[in-house]
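Thanks for coming. Please have the sequence and the model open while I talk.

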2 protein chains.
Amino acid sequence: MNLEAYLAERAQLVDRALEKYMPALPRPAKELENAMRYSLFAGGKRLRPILALASAEAAGADPVVALPAACALEFIHTYSLIHDDLPAMDNDDWRRGKPTNHIVFGEAQAILAGDGLLTQAFYILATGPYPPSVTAEQILAAIAEIARAAGAEGMVGGQSADIRAQGQGGDPEILDYIHTHKTGSLLRASVRAGALLAGAPMSTLSSLTLYGEKIGLAFQISDDVLDSTGDPKILGKPVKNDAQKQKLTYVTLYGLEKARAEAKRLAEEAEAALVGLGPSAEPLRYLARFTVERNH
Amino acid sequence: MNLEAYLAERAQLVDRALEKYMPALPRPAKELENAMRYSLFAGGKRLRPILALASAEAAGADPVVALPAACALEFIHTYSLIHDDLPAMDNDDWRRGKPTNHIVFGEAQAILAGDGLLTQAFYILATGPYPPSVTAEQILAAIAEIARAAGAEGMVGGQSADIRAQGQGGDPEILDYIHTHKTGSLLRASVRAGALLAGAPMSTLSSLTLYGEKIGLAFQISDDVLDSTGDPKILGKPVKNDAQKQKLTYVTLYGLEKARAEAKRLAEEAEAALVGLGPSAEPLRYLARFTVERNH
């Protein structure tokens with residue numbers, strides 16, 4: 001399997017669908033539409049959508065059952081980046097090699113662009129379209145899964161803890177909470193939502209859930225590593241950001257070497273969780289390795 | 001019918017359910033929980049929840065079919081107030097007689113509290129619980145209705161236009177957009193969501209939709225009037241805010257007298273829309289009058 005070609009092909013499928021799901025707004029709200037589009041099409045890797053599609057496939061379904069959820073996850077991920085970058089939050093000026101949303105559109109429109117993207121995600125989830133094999137109950141389960149993972153009990157809670165922990169020194173309980181919630185919980189939900197919409201049996205759902213947890217953590221740790229060692233030209237943003245902001249990260253708490261080893265171990269455990277699944281899980285296996293071997 | 005007693009009884013029902021729906025967060029995210037609670041229980045009128053319950057009742061159902069949607073609407077309304085009050089938006093320090101969320105918890109936690117409330121709304125909608133009479137398809141229709149009304153094509157679009165229009169002089173097309181979207185669209189959705197969950201037939205849904213549109217506009221105009229003439233002690237916030245910020249409102253564009261007459265006319269049209277409905281629509285009739293006769 002050629003991972004690069006696979007990622008490019010899937011990202012293209014997602015991009016086409018995202019374009020369809022982005023509402024065209026009338027003149028008085030054109031600025032809002034521009035702000036939403038700017039970040040939605042800023043060149044993201046589409047990792048969460050690709051995970052949702054690959055998970056549906058691993059559960060034996062046509063990946064298209066998860067296409068609305070895949071797009072909703074990207075709307076949510078994009079909103080979270082816009083809000084995280086705000087001056088009151090991480091105060092970042094660059095993202096993916098471009099000025100951040102509030103630098104271009106101002107803080108008010110950036111906050112609203114985030115709000116609009118988050119809300120649109122649930123419109124997409126509720127309206128699909130889905131193939132006839134997907135039941136309304138499965139759709140509700142996917143909505144609940146994603147809402148819980150993205151909200152106060154998931155990503156938003158993790159971001160709140162992250163902001164609070166800055167400059168507070170190293171508390172492993174809090175670091176663990178930040179890691180499992182800030183990034184991990186939406187990645188886990190991406191995998192689970194794909195499986196739920198595929199109608200995966202309980203045993204498959206359990207394997208995929210474990211996979212999602214492991215790669216969620218691996219991804220966050222490798223993000224911390226990239227912030228410390230990555231190439232700012234490839235990352236599209238300045239590095240050493242975490243240390244400068246006295247962020248509590250795996251690297252600042254345990255050091256670079258331990259962080260790298262832990263990410264690698266978690267990616268291997270993610271792959272191992274798929275042992276009961278057949279060749280349809282092959283893309284997920286490659287994605288586990290990609291999570292820790294990527295350079296951006 | 002004693003409207004005051006009715007409103008108090010329904011607000012109590014809603015408050016008890018809101019309490020149940022507010023997640024308890026662990027220590028690292030306690031600040032977020034506190035910020036969410038602070039605004040959710042800051043003494044709102046619970047108008048949107050009460051409309052949703054009354055609409056389900058008008059459509060012949062037990063109002064409890066709409067209780068999760070009612071709470072979700074209040075979570076959404078609360079988030080919108082927190083974000084609207086932010087320094088980058090309307091920069092308001094007082095709301096309902098208390099300091100606004102960002103004054104108490106800081107901007108970062110206020111943004112996140114809003115994000116958490118909005119996301120939790122969709123978790124509530126997806127998980128209920130609902131009585132067995134409510135189908136999964138009806139729930140999805142209510143989610144789509146609320147997401148569309150709250151998002152970029154509704155409330156968020158209206159707020160974006162409102163911010164853009166400040167100090168820009170009076171353009172009736174833009175004022176109309178702001179009015180129908182910023183407040184009107186979530187009020188309309190409150191009425192429609194109640195009807196959808198009640199399984200209302202098309203003709204009832206049409207009447208209730210028209211009702212929702214009329215009171216949505218009446219409410220926004222009467223809000224503009226209150227900002228210009230209300231008692232700050234009863235309102236719990238300073239008045240003459242709109243004029244000071246050069247906001248484009250019905251009062252600034254058409255004057256106080258015309259605004260009052262228009263609100264009254266719209267409330268009457270709202271009542272007239274219910275002519276085909278029986279005594280179960282009585283609370284909605286009272287609520288139409290309340291919308292324009294209230295003093296806060």
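This is a predicted model: local features need pLDDT of at least 70, side-chain atom pairs count only at pLDDT 80 or more; totals for chains, interfaces and linings use all residues.

Residues are numbered from 1 along each chain as its sequence is written, and chains are lettered from A and ligands numbered from 1 in the order in which they are written.

Start with chain A. Chain A has 16 helices and two strands. Here helices (H or I, at least four residues) and strands (E, at least two) are DSSP runs, numbered from the N terminus. The C-alpha trace of chain A spans about 50 × 50 × 35 Å along its principal axes.

Next, two helix pairs. Two packed helices are described by the angle between their axes and the distance between the axes. Axes are lines fitted to C-alpha atoms, for helices over the stretch in contact, and angles run from 0 to 180 degrees between N-to-C directions.

Helix α4 (residues 67–85) of chain A packs on α6(A) at an angle of about 165°, with the axes 8 Å apart. That makes α4(A) roughly antiparallel to α6(A); angles under 35 degrees count as roughly parallel, over 145 as roughly antiparallel, 65 to 115 as roughly perpendicular and the rest as oblique. Among the residues that make this contact are A:Phe75 and A:Tyr79 of α4(A), and A:Leu117 and A:Ala121 of α6(A). Contact means that the C-beta atoms of two residues, placed from the backbone, lie within 7 Å. By class, the contact of α4(A) with α6(A) has 15 nonpolar, four polar and no charged residues. Ala, Val, Leu, Ile, Met, Phe, Trp, Tyr, Cys and Pro count as nonpolar, Asp, Glu, Lys and Arg as charged, and the others, Gly among them, as polar.

The second pair is helix α11 (residues 202–229) and helix α15 (residues 256–273) of chain A, at an angle of about 155° and with their axes 8 Å apart. So α11(A) is roughly antiparallel to α15(A). Their contact divides into 14 nonpolar, four polar and five charged residues.

Now some backbone details. A cis peptide bond, with omega about 10°, joins A:Gly128 and A:Pro129. A:Pro129 lies in the loop between α6 and α7 of chain A. In chain B, the peptide bond from B:Gly128 to B:Pro129 is also cis, with omega near 10°.

Last, the two chains together. How many residues does each chain give to the contact? Chain A gives 47 residues and chain B gives 47 residues. On the side of chain A that touches chain B, the largest share, 14 residues, comes from α6(A). By class, that side of chain A has 30 nonpolar, ten polar and seven charged residues.

How are the copies related? A rotation of 180° with 0.0 Å of shift along its axis superposes chain A on chain B, with RMSD 0.0 Å. The two copies are thus related as by a two-fold rotation axis. The superposition is by least squares on the C-alpha atoms of residues with pLDDT of at least 70 in both. A:Ala136 comes closest to the axis of the residues of chain A, at 2.8 Å (C-alpha). Finally, 100% of the interface residues of chain A are also interface residues in chain B, so the copies meet through the same surface.
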